[in-house]
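Biologist: I am new to reading protein structures, and I would like to learn how to go through one feature by feature. Could you walk me through this one?

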Amino acid sequence: MKQATIIKSTGSWYLLKDKITSTIYEARIRGKFKKEKISTTNPLAVGDEVDYELHEDGVAWITTIHPRKNYIIRKSVNLSKSTHILASNIDLACIIFTIKNPQTSLGFLNRLLITCEAYHIPVLIVINKIDLLINEEDLKEIKEVTHIYKKIGYDILEISANKNINIDILKYLLKNKVSLFLGHSGSGKSSTINALQPDLDLKTSVISNSNDKGKHTTTFAQMYDWSFGGSIIDIPGIKEFELVEISKEELQNFFPEIYKFRSWCKFHNCLHLNEPNCAVIKAVDEDEISQRRYSNYLKILKDL
Ligand SMILES: Nc1nc2c(ncn2[C@@H]2O[C@H](COP(=O)(O)OP(=O)(O)OP(=O)(O)O)[C@@H](O)[C@H]2O)c(=O)[nH]1
Ligand SMILES: [Zn+2]
């Protein structure tokens with residue numbers, strides 16, 4: 001049986017890349033196979049590992065899809081109740097964060113982190129544009145941000161895409177992994193990708209939907225290989241992740257440092273608001289949990 005990775009998925013046809021030869025084939029799945037997976041509008045997503053048979057006409061027929069280690073979804077635009085899998089089997093999400101030009105709020109960073117936690121995607125926080133940080137205040141902020149997130153256990157790397165600072169280290173961290181770049185508009189995702197590999201040139205594939213008289217265009221995710229090993233999944237239109245649907249009770253599970261202390265709270269259903277004998281509030285008072293993170297937890301909790 002031949003094995004491959006899906007590198008492009010439009011819902012009706014796919015591109016896959018053979019695991020051994022790296023040959024790319026147009027691929028299809030049988031109708032029966034499709035119907036078994038009714039909960040999503042697309043049975044196969046970029047990143048999926050599959051088995052296939054190559055037919056004489058050069059078309060690869062997908063026979064099996066391997067279990068996904070993780071995936072990200074988006075609510076379908078047309079069918080509000082169903083979901084659409086955007087990508088799967090992601091090894092690393094690179095969150096591009098900036099202290100200034102533009103200033104990325106910690107709230108925004110936290111929302112991306114919560115989403116990655118919920119999807120079980122490992123994260124690297126990349127602080128870009130460090131060439132701009134020259135005044136005392138900026139340097140203090142970068143030190144504090146680094147301290148807060150390192151203490152929780154997140155990996156952090158300072159870079160400058162434009163001044164080529166630490167790009168070699170980033171390359172090393174991305175090598176042989178399937179990654180995803182997330183961040184605010186203007187944070188420097190494209191610049192960073194360009195610094196890593198100038199000739200990569202992510203092309204946004206726009207395909208018009210023939211049922212819609214060509215008016216409607218849809219963009220699809222696609223996987224591109226790095227020349228240094230590994231690949232990046234480009235998902236047009238997900239400049240920023242939306243917060244996944246989570247309940248008030250679940251939120252704390254996605255703040256690793258709150259999750260760590262919760263079992264010592266007096267009440268098993270403690271939300272760490274103002275309950276008596278709350279181990280999380282105590283940890284905040286003792287500076288074991290960052291006040292800024294905790295405040296943001298409360299804010300997100302309130303908004304849920
Ligand atoms: N000073 C400085 N500017 C940078 C750096 N990286 C990116 N920029 C600038 O920031 C601006 C935005 O960079 P982009 O790479 O387009 O940002 P993006 O995240 O891809 O933005 P969207 O496509 O809107 O999501 C550009 O003017 C870049 O030149 C850096 O390391 N230092
Ligand atoms: Zn508590």
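Modeller: Gladly! Keep in mind that this is a predicted model. Let us start with one residue: valine 126 touches Cys94, Ile95, Ile96, Phe97, Leu157, Ile159, Leu170 and Thr192, leaving aside residues up to four places away in sequence.

Biologist: Which nonpolar core residues have the most contacts inside the largest core?

Modeller: Here is the general idea: in soluble globular proteins, nonpolar side chains tend to be buried together. In this structure the largest nonpolar core has 68 residues, and Leu16, Ala87, Ala93, Ile95 and Val126 have the most contacts inside it. Helix α2, residues 106-118, supplies the largest share of this core, with 6 residues.

Biologist: Which domains does the assignment give?

Modeller: The assignment lists domain 1 (2-69), domain 2 (92-234) and domain 3 (248-303). The C-alpha centres of domain 1 and domain 3 lie 43 Å apart.

Biologist: Now the strands, please. With which strands does β11 pair, and in what sense?

Modeller: Strand β11 pairs with β8 (residues 92-98) in the parallel sense, over 5 bridges. Within that pairing, isoleucine 95 has leucine 182 of β11 as its bridge partner.

Biologist: Which residues come nearest to ligand 1?

Modeller: To read a ligand site, list the residues around the ligand and then sort them by kind. Around ligand 1 there are 17 residues, and Ser185, Gly188, Lys189, Ser190 and Ser191 come nearest. Helix α5 (residues 189-196) gives the most to this shell, with 3 residues. Sorted by kind, the shell holds 2 nonpolar, 10 polar and 5 charged residues.

Biologist: What should I look for in the backbone itself?

Modeller: Look for exceptions: most residues other than glycine have a negative phi, and most peptide bonds are trans. Here a cis peptide bond joins asparagine 101 and proline 102, with omega at about -5°. Proline 102 sits in the loop between β8 and α2.

Biologist: And which residues other than glycine have a positive phi?

Modeller: Asparagine 176 is one of them, with a phi of about 60°. Histidine 272 is another example, with phi near 65°.

Biologist: Where do these two residues lie in the chain?

Modeller: Asparagine 176 belongs to the loop between α4 (167-174) and β11, while histidine 272 is in the loop between α7 (256-261) and α8 (279-285).

Biologist: Why is asparagine 176 called exposed, and why is histidine 272 called buried?

Modeller: Count the C-beta atoms around each one. Asparagine 176 has 10 other C-beta atoms within 10 Å, so it is exposed, because the cut-off for that is 12 or fewer. Histidine 272 has 25 other C-beta atoms within 10 Å, so it is buried, because 20 or more is enough.

Definitions and conventions
Residues numbered from 1 in each chain as written. Chains lettered and ligands numbered in written order. Predicted model: local features only at pLDDT ≥ 70, side-chain atom pairs only at ≥ 80, totals over all residues. Core = buried A, V, L, I, M, F, W, Y, C linked by C-beta atoms within 7 Å. Helix = DSSP H or I, 4+ residues; strand = E, 2+ residues; numbered from the N terminus. Contact = placed C-beta atoms within 7 Å. Domains from an automatic or database assignment. Pairing = 2+ DSSP bridges. Near = placed C-beta within 6 Å. Nonpolar A, V, L, I, M, F, W, Y, C, P; charged D, E, K, R; others polar.
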